Amino acid sequence: MMDACGIDSPEALFAHLPEAVRIKRPLDLPAGISEYEIVEYFRQRAAENGIGYSSFLGAGVYRHFRPVLVDAVVSRGEFLTSYTPYQAEISQGTLTAIFEFQTMICQLTGMDVANASMYDGSTALPEAVLMAARVTGKRRALVARSVHPEYRETLRTYARNAGLQVEEFDYGPESGTIQLEDLDRKMDGATAAVVVQSPNFFGIVDQVKAAGEIAHRAGALLILMFTEAVSLGILEPQPEADIVAGELQSFAISPSYGGPYAGIIATREKFMRQMPGRLVGQTTDSRGNRAFCLTLSTREQHIRRERATSNICTNQALIALMATVFMTVYGKQGLRELAEQNLAKAHYLAGRLKPRFSGGFFNEIAVRLEGRTPEQGNKALLKKKIIGGLPLGRFYPELADSMLLCATEMSRRADMDALAEVLS
Amino acid sequence: MITKVRTHPSQNEALLFERSSPGKKAYQLPDLDVPPVDAAAALGAENVRAAIDGFAEVSEVEAIRHFTRLSTWNYAIDHGMYPLGSCTMKYNPRVNEVVARTDGLAWAHPYQPEALAQGCMETMARLEAILAEITGMDAVTLQPSAGAQGELTGILLIRALLEKRGDPRKKILVPDSAHGTNPATAAIAGYAVENIPSNAAGLLDVSALDRIVTKDVAALMVTNPNTLGVFEENIVQAAEILHAKGAMLYMDGANMNALVGIARPGDFGVDALHLNLHKTFSTPHGGGGPGAGPVAVKTALEPFLPAPRLKRSGKKWAWDYNRKRSIGRVRAFYGNFGVLVRALAYILAHGGPGLRNATVDAVLNANYIRKRLEPYYDLPYSSPSMHEVVFSDARQEPGGVRTGDIAKRLIDYGFHPYTVSFPLIVHGALMIEPTETEGVPELDAFIDAMISIAKEVETDPQLVKEAPYSTRTSRVDEVTAARKPVLRWKPN
């Protein structure tokens, strides 16, 4: 090769770099290690995390069983090691799967179109708000305080620099659902979007319809967020929503200390061209066979550059495929049954504790501890090898006496009993 | 002659919704060990849905066959060379997949107590330190989800520092050879974009830069090596010009595979850059993601990094949320941890010397392709190539054959196409990046295919224009797809 290149050392390939930019020493990194040592290194890190705990954490990240088919499919090199499917003729596998993904998200949310994924739920929120701003030509968003706190923080980062004004409205201290009066009072004609989450951060099914009526009366769009996708198996899709944005982590995506997950944005057909992110469409090949390809790319950064609907390029294709396989495995009947199991487990747990709010909940519940703080409760639980709930005071100072617990189909009755015994 | 591949039958497969039949199931759930709950009573009847209309019902074997059949319609790195320029399609080591699925890591919840997350935090701290050493920068955030979000983070950091100095300024300069994400990012960060022309060598025009950098300019976003695969040799002077005028230098690190162990952005004046772990550091592209886009910065930008930050607290790691000057979060939690684990595994496997060797091999491979294809394809810029080489279709265009046609014909020869028609400054670009993954036999097979196609263009251009012939799907009608969008399946 070097002969062909006319050089006698590969170093000659770098001879044209200015001397000032070259590093004059080896990188200060150890020599490479073997496969066995790599596996061992990460096994040790995993052990440092603590092993053998049962957990009742939710708050946007949920412990659901991952059907074995999911890893069987996504481990196939054809899916794992392929690029973004720009070359449709040799990417029909990925393209077809994304088309199915888009369809399933529409079926679950009741929307007309869904994109091929966003990074996660938290970034789907600012993308949805920016989209609403493009649709309405307005620059203000009203966001429920019961939307995931870290999602709201993410929105603030984007908003501050994109010239969006973000304000929040409160939840009812008894119900845990949004305060319609507060929303109504803060609503004005300059508002692009009202954002609510259901089930909300406290696990409660929120008043989406009423929020939608208030938003629409003032000419704003309603953005409906979700963090617990399994709830879609039991909750009625909301025709009031103009944009549905959410997180699919519950669909066979490992908690993995916070990512990678997959977000989605779904909407009405009339807003299709303002959507961010990749879209797959159906067409035909030159022989007339059904085929799929990436489409409406004139919205995207590689064509439209600074006038694109978003700067997103790489998305979460393989993670979205995990969710697609998950939805396929559970199917129409299974997703409902899974949701019903989650509902039953959380209600069993709640029955043994003191719920903080009166609103109807899915699989998460805010509970008030008596005589001790949530932190103290968690400390007592850890002694029994139980990771308790998220102390809510971290995000809501007024809820410093409460923690957020989650039960899923993986929560065993015996573990819930053990938790309740310590906390009650 | 086509020697690398021959056709074999691939299975037809309907969409899931078309092969669904009522009552089939692929799932099992344990028996419920608590009393069932009436959903309508618990949630309100108006909130409980009817059956999910159209959702598929298939058996387990139908499910696995469905996705396996689809998978066979894809090309992948595991099949062979994937010469997409600027995409760095290198081998994705399988040990990375194994370690990312280690139970205690894969099931770690982001809110579990810090005392029970030390392994995750140590993993991240180690990766931060290594990436700082590789880039020659002072601090690293692992929070950004992918390259484009890394860019946004970097520009917001620059904006925050300039705001603190009293003036965030108005414009970001972007060379005309840049990736589309650069101008899109600048716009989302609230900046106007000024596209600046490259000089005759395809490089930054430093003499023009001196004039263009006004008091309105916040930063220049530059890819180095640029999208022609050429090292910006005047980068140090460019940085000096920017810094002298109070502006900053942002580097798009998409092409870091040309520099690791050879040159460090921190040593040539870069203030902030992002890395694409799914390019340089081997994490799989997965058909379009997930990625991870860590951002490395100089000390002056460190106070503004997204919160939370890792900090040492005695013998333990802790998350520091009390970061008053932080730009805030760019996403929930701490980053795409699973991707970070894979990248660290790659780095540990290579070690310092191995990483440098990979760079050298990647650059050697690109130069070998350049030398051998130069007699057949037009080389619009003769500047030395780093990890990729860009040809144009100038010699094929008179015969009516364009870069996109050559790319499609390459499929018949058993290769994924190179990057087509990018960078935009080259008319009819063929952008080729082999990476270090390929050995001589695969490179030679690719080169032979490209030479053979160049000859076909001369003898039978129509053959090339209608390619591919060997795929189960022939040329796809993208125009109709965009004109009459069908974005979901519906029952007839």
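## Before you start

This is a predicted model, where local features need pLDDT of at least 70 and side-chain atom pairs count only at pLDDT 80 or more, while totals for chains, interfaces and linings use all residues. Residues are numbered from 1 along each chain as its sequence is written, and chains are lettered from A and ligands numbered from 1 in the order in which they are written.

## Chain A and its domains

Let's take chain A. Its domain assignment gives domain 1 (54–67 + 332–423) and domain 2 (69–325); such bounds come from an automatic or database assignment. The centres of the two domains of chain A, taken over C-alpha atoms, are separated by 27 Å.

Where they touch, 26 residues of domain 1 of chain A are in contact with 25 residues of domain 2 of chain A (contact means that the C-beta atoms of two residues, placed from the backbone, lie within 7 Å). On the domain 1 side, the elements giving two or more residues are α11 (317–351) and β11 (364–368) of chain A. Helices here are DSSP runs of H or I with at least four residues, strands are runs of E with at least two, and both are numbered from the N terminus. α11(A) gives the most to that side, with seven residues. By class, the domain 1 side has 14 nonpolar, seven polar and five charged residues. For the classes, Ala, Val, Leu, Ile, Met, Phe, Trp, Tyr, Cys and Pro count as nonpolar, Asp, Glu, Lys and Arg as charged, and the others, Gly among them, as polar.

## Chain B and its domains

Chain B is assigned domain 1 (95–348) and domain 2 (359–478). The C-alpha centres of these two domains of chain B lie 31 Å apart. Their contact takes 19 residues from domain 1 of chain B and 18 residues from domain 2 of chain B. The side of domain 1 of chain B that touches domain 2 of chain B divides into 10 nonpolar, eight polar and one charged.

## Where the chains meet

How many residues of chain B are in contact with chain A? There are 164 residues of chain B in contact with 153 residues of chain A. α10(B) gives the most to the chain B side, with 21 residues. That side divides into 94 nonpolar, 43 polar and 27 charged residues.

## A helix pair in chain B

Now for α10(B) and a partner. The axes of helix α5 (residues 118–135) and helix α10 (residues 337–373) of chain B come within 10 Å and cross at roughly 55 degrees. Axes are lines fitted to C-alpha atoms, for helices over the stretch in contact, and angles run from 0 to 180 degrees between N-to-C directions. That makes α5(B) oblique to α10(B) (under 35 degrees is roughly parallel, over 145 roughly antiparallel, 65 to 115 roughly perpendicular, and the rest oblique).

Among the residues making this contact are B:Met124 and B:Leu127 of α5(B) and B:Leu340 and B:Leu344 of α10(B). By class, the contact has 10 nonpolar, one polar and one charged residues.

A cis peptide bond joins A:Gly259 and A:Pro260, with omega about 5 degrees. A:Pro260 is found in the loop between β7 (243–247) and β8 (263–267) of chain A. A:Leu296 has a positive phi of about 50 degrees although it is not a glycine. A:Leu296 counts as buried because it has 21 C-beta neighbours inside 10 Å (20 or more is buried, 12 or fewer exposed, in between partly exposed, with C-beta atoms placed from the backbone).

In chain B, the peptide bond from B:Phe422 to B:Pro423 is cis, with omega near 5 degrees. B:Pro423 sits in the loop between β11 (419–420) and β12 (429–432) of chain B, and the place of B:Ser421 is in the loop between β11 and β12 of chain B. B:Ser421 has a positive phi of about 60 degrees although it is not a glycine.
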